[in-house]
Amino acid sequence: MAASVPELLPYAKIREDLFRPLSSGSSRYWITVFAALAVVVLGMAAWGIQVRDGMGVTGLNRPVFWGFYIVDFVFWIGISHAGTLISAILRLTDAAWRKPVTRAAEAITVFCLMIGGMFPIIHLGRSWLFFWLIPYPNPRMLWPNFRSPLLWDLVAILTYVTGSVIYLYLPLIPDMAQLAEHNVPWRRKLYRILSLGWTGSDREWHALERAMKLMACIILAVAVSVHTVVSWDFAMSIAPMWHSTIFGPYFVSGAIFSGIAALLLVLGILRRALGLELYLTKHHFDNLSKLLLLMSLLWFYFTFAEYQTVWYGNEPSEMAVFAGRIRGLYAPYFWIMVVCNFVVPFVLLGIRKLRTISTAMISSVCVIIGMWLERYIIVVPTLGNPRMNTASGVYTATWIEFAITAATFAGMIVLYLLFSKLFPIIAVWEFKPHAVEED
Amino acid sequence: MSIDLDRCTGCEACVVACHAENNLPVSSPDQAEKGRTAHWIRVDRYYEGEFPDVKVKYRPVLCQQCDNAPCEPVCPTYATYHNAEGLNVQVYNRCVGTFYCANNCPYSVRFFNWFAPEWPEPLQLQHNPDVAIRPAGVMEKCTFCVQRIQRGKRDAVVENRPLADGEIQPACVQSCPAEAMVFGDLNDPESRVSKLAGSGRSTQLLGELGTKPKVFYLERAK
């Protein structure tokens, strides 16, 4: 089994294998980039129309004032938990198999946060005034309202973005230093600047190690608090089936769940596209699959606890939402969600014989769909069934919302593809047998 | 404000008056179908019994001007806040349109400007100069005709006399043919509205939520 453990490969080969994708660019790569860019442009055009004409071009109405955008927001912030959280846990527990996984995961976090962070701005009625939420000095001495969960959101997400960029960047430095002798001039320049004059001295390695440990601890706490705050956007309101005390942990576990699914999917694609079969082995997919299975069970437990208590409590306004989800208008989404989030991963990953890389891929796609639907089911039915049932309504998204949603997925692809051409997607230096003695 | 449900005939004169007074846009049929009408006051209908033996009850619903308003703390820009008089006011200029207030309003009485407002000819000629026209992208709601309250108080000051009870009337109150609605100062225990609000027939809409609404519905106790 020696060949299947990347740590045992000769370091020179590892270096060559992992730096190779940086210099070669196939036509298929560029076609994908431009196709994805085209979708991004379409989405931006859709947003342009929305800004020009007003929010009326969306399917939003009274009482469903939040729709796709908030769903997408929670979804992307959720996926962002893939990276940092998983990589931080693996680093802190010193899991030996983490090495080829961490950077891919950390990159997901940064890009998902960039995308997810757009939605609070996109969904505003007057998005050009979004900076009014930021506490900046102004002649009228106006402060934003710190009691508003939206402001907590702003603070939480900005903190998280800052933290995860640092967390992604720190372990990039030694690789940048290695790449500073690259043969393409502009890349040489870029890597030299980014490596911050790293020389690989003992002192620097120790400092890096200390910084990584510290950041891993900090980012873990930040990640948990971010999604708790996101859940409080709902839980702090008095709307039926939003005002729930378990929303914090429910959202955090859901976020990690969808994050692992996204990570598995990205790793599967990278493995194929960059020929990393030697580095991302069945072992890694097996471990992550087990993690996904665990989160699937946890998700099911939380969902069950949430619905069971509402059903038993039998409060009329909550039951209107409950019925809408279980057997009403939103029942198809609800049951697809249950199948995608629980049945499929439970069967495919729970039975050892069925647990392979391809079933892990299938489960991941299902979980990503299921978790998007979960957010839809949390946001829309509650608003569609307000306490005054004389005001209830139905929401149907328009092409504008679909286009912007599609654009974010395409944007993720573009960002990730570009990243994988600029930086080695697997941290090379981590494979160095002894960082101090070689080269 | 108090609204006598036993008097209300559901004629919706209040709705029309509110539209005229507060420069509310007129929704096109397809926008109305999407659920985007804006009526700061609406008349909810509740049916009792089976056809043909049906009883209909009407309940005009407007912003309840809650003392514990759920819409207020959630606004990140203080566009909706409690003013010194206890009114729940909406500052259009400060609103960025997060929709949060509307989602957190249990009465569903907040309205959004989905597009720039439009009026079919010649309704744009009868705009009330005392009321702002709201641009696309901001939230709005019943103000208890704050412009009439301001004018009433100013007139009283100019004429150097105390404000009489019932002198200030929001458009809905003024137009109610059944005189079901009474407006006044709840802080004055002698005012007509205070007495009605304290009567045995007085109820509050979703009062159990603890929002402390300032609209009292009077109905026959069963």
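Let me start with one term: a residue is buried if 20 or more other C-beta atoms lie within 10 Å of its own, exposed if 12 or fewer, and partly exposed in between, with C-beta atoms placed from the backbone. What we have here is a predicted model, where local features need pLDDT of at least 70, side-chain atom pairs count only at pLDDT 80 or more, and totals for chains, interfaces and linings use all residues. Residues are numbered from 1 along each chain as its sequence is written, while chains are lettered from A and ligands numbered from 1 in the order in which they are written.

Chain A, then. It has 16 helices and zero strands; helices (H or I, at least four residues) and strands (E, at least two) are DSSP runs, numbered from the N terminus. Its radius of gyration is 23 Å, close to the 22 Å from the globule rule for 439 residues, so chain A is as compact as a globular protein of that length. That radius is taken over C-alpha atoms, and the rule is 2.2 Å times the number of residues to the power 0.38. Buried residues make up 46% of the 439 residues in chain A.

Please find helix H16 of chain A, residues 399–422. How far apart are its end C-alpha atoms? They are 34 Å apart, which agrees with the 34 Å that 24 residues should span at 1.5 Å a residue; the expected span is 1.5 Å times one less than the number of residues. Among the buried residues of H16(A) are A:Ile400, A:Ile404, A:Thr408, A:Met412 and A:Tyr416. Their spacing brings to mind a general point. An α-helix has 3.6 residues a turn, so residues three or four places apart point the same way. The cover over the buried residues of H16(A) includes helices H1, H2, H3, H5, H6 and H11 of chain A.

Now over to chain B. This one has seven helices and 10 strands.

Where do the chains meet? In this model, 33 residues of chain A are in contact with 33 residues of chain B, where contact means that the C-beta atoms, placed from the backbone, lie within 7 Å. H7(A) gives the most to the chain A side, with three residues. That side divides into 19 nonpolar, nine polar and five charged residues. Here Ala, Val, Leu, Ile, Met, Phe, Trp, Tyr, Cys and Pro count as nonpolar, Asp, Glu, Lys and Arg as charged, and the others, Gly among them, as polar.

Last, some backbone details. Most residues other than glycine have a negative phi, and most peptide bonds are trans. A cis peptide bond joins A:Arg62 and A:Pro63, with omega about 15°, and A:Pro63 sits in the loop between H2 and H3 of chain A. In chain B, the bond from B:Phe51 to B:Pro52 is cis too, with omega near 0°.

B:Gln65 has a positive phi, near 45°, and lies in the loop between E3 and helix H3 of chain B. Is B:Gln65 buried or exposed? B:Gln65 counts as buried because it has 24 C-beta neighbours inside 10 Å. B:Glu12 also has a positive phi, near 65°, but with 16 such neighbours B:Glu12 counts as partly exposed.

Technical notes
Two residues are in contact if their C-beta atoms, placed from the backbone, lie within 7 Å.
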